[in-house]
Amino acid sequence: LHKAFTSAKLVEKSGQVENMMLNASHVPAGQEGHEYLQTKLSQILSSYRAAVIHDVDKLQAQPAHVLQGILDNSGAPYKNAGVVMTMESASVQDASNSGKPVGCFLDEIAENILRQKWSDLGQDKVDALVSRVTVAVAGIQAEPDNLAAC
C-alpha cells in the first residue's frame, strides 16, 4: 500500500503505512466510537492524506456515520485525500462458486452487507453512507495453490 500511496502522491516518502491504518474492530460502539473514529481519521488524514480502515463492516452504525462526512465529495474536510477500506465476505466466495463473474456483483455484495450492518441509522442515512463507502469496490482473491507453469 505504501508504494501505491506514494506513487499517487497521497503520502510523503517518509510516511509509514502502519501509521495510516485503523482496525474497525477496535473502534468502540456508540457515541464514544463516533468521537474516536472522527478524531483518529482526522489525525491520520491531516498527517498523511491517506488512511486504511480494515474490516469496515465491523464498524457499528453510529461510528460508521462519521465516514459520510469524511468521504463527502464536495464538503470533505480533507481534500485530495484517500481512504481505502477493506472487508471480507463469504458472499464473494459463494458468488464465485455459482459460476457467475464475481466482479459484476462486488459492489452489490458490499452494499448489502453494509446496509444490513448499519440499518440502525435509518434508510436515508444508510443510503447516503453506503453510496460513499462503496464508490469503487475491488475484489482480491487468493491465488490458487496449484498454479500452472507458464
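Which residue in E3 is the bridge partner of valine 52? In this predicted model, that partner is valine 84, and the pair makes a handy entry point to the fold. Residues are numbered from 1 along each chain as its sequence is written, and side-chain values use heavy atoms, with hydrogens and water left out. Because the model is predicted, local features need pLDDT of at least 70 and side-chain atom pairs count only at pLDDT 80 or more, whereas totals for chains, interfaces and linings use all residues.

The secondary structure of the protein chain comes to seven helices and three strands. Both kinds of element are DSSP runs numbered from the N terminus, with helices (H or I) of at least four residues and strands (E) of at least two. Read from the N terminus on, the elements follow the pattern α-β-α-β-α-α-β-α-α-α. Of the 150 residues of the protein chain, 31% count as buried; here buried means under 20% relative accessible area, exposed means over 50%, and partly exposed lies in between, with a 1.4 Å probe and protein chains only. The chain exposes about 9300 Å², of which carbon and sulfur atoms supply 48%, as given by the Shrake-Rupley method with a 1.4 Å probe, where for residues only the protein chains shown count as cover. Among contacts (heavy atoms within 4.5 Å) with a separation of 6 or more, residues 24 or more positions apart account for 66%.

The three strands form an open sheet in the order E1-E2-E3, with parallel pairing; two strands pair if DSSP finds at least two bridges between them. Strand E1 (21-23) and strand E3 (82-85) stand at the edges with a single partner strand each, so one side of each is left without a neighbour in the sheet. On average, neighbouring strands of this sheet are turned by 20° against each other, direction ignored. For such angles, axes are lines fitted to C-alpha atoms, for helices over the stretch in contact, and the values run from 0 to 180 degrees between N-to-C directions.

Strand E2 (residues 50-54) is mostly covered, with four of its five residues buried. Three bridges join E1 to E2, and leucine 22 stands opposite isoleucine 53 in E2. The chain crosses from E1 through H2 to E2 in a right-handed β-α-β crossover, a term that applies if, with the strands pointing away from the viewer, the path from the first strand over the helix to the second runs clockwise. Helix H2 (residues 30-48) lies across E1, E2 and E3 and runs at about 140° to E2.

Arginine 49, in the loop between H2 and E2, has a phi of about 65° and is partly exposed, with a relative accessible area of 33%. Aspartate 55, in the loop between E2 and H3, has a phi of about 55°.

The largest nonpolar core holds 25 residues, of which Leu41, Leu59, Leu67 and Trp118 touch the most other members. Such a core is a set of buried Ala, Val, Leu, Ile, Met, Phe, Trp, Tyr and Cys residues joined through side-chain atoms within 4.5 Å. H2, E2, H3, H4 and H7 each supply at least two residues of this core. Not counting residues up to four places away in sequence, leucine 41 touches Leu22, Ala51, Ile53, Leu67 and Ile70.

Helix H7 (residues 123-133) has Val126, Ala128, Leu129, Val130 and Val133 as its buried residues. These pack against helix H3 (61-64), helix H4 (66-70), E3 and helix H6 (106-117). Glutamine 68, in helix H4, counts as buried at 18% relative accessibility; beyond residues up to four places away in sequence, glutamine 68 touches Lys125, Ala128, Leu129 and Arg132. Glutamate 111 lies in helix H6 and counts as partly exposed at 24% relative accessibility. Leaving aside neighbours within four places in sequence, glutamate 111 is in contact with Val130 and Thr134. Glutamate 111 and valine 133 are 22 residues apart in sequence and 8.6 Å apart in space, C-alpha to C-alpha.
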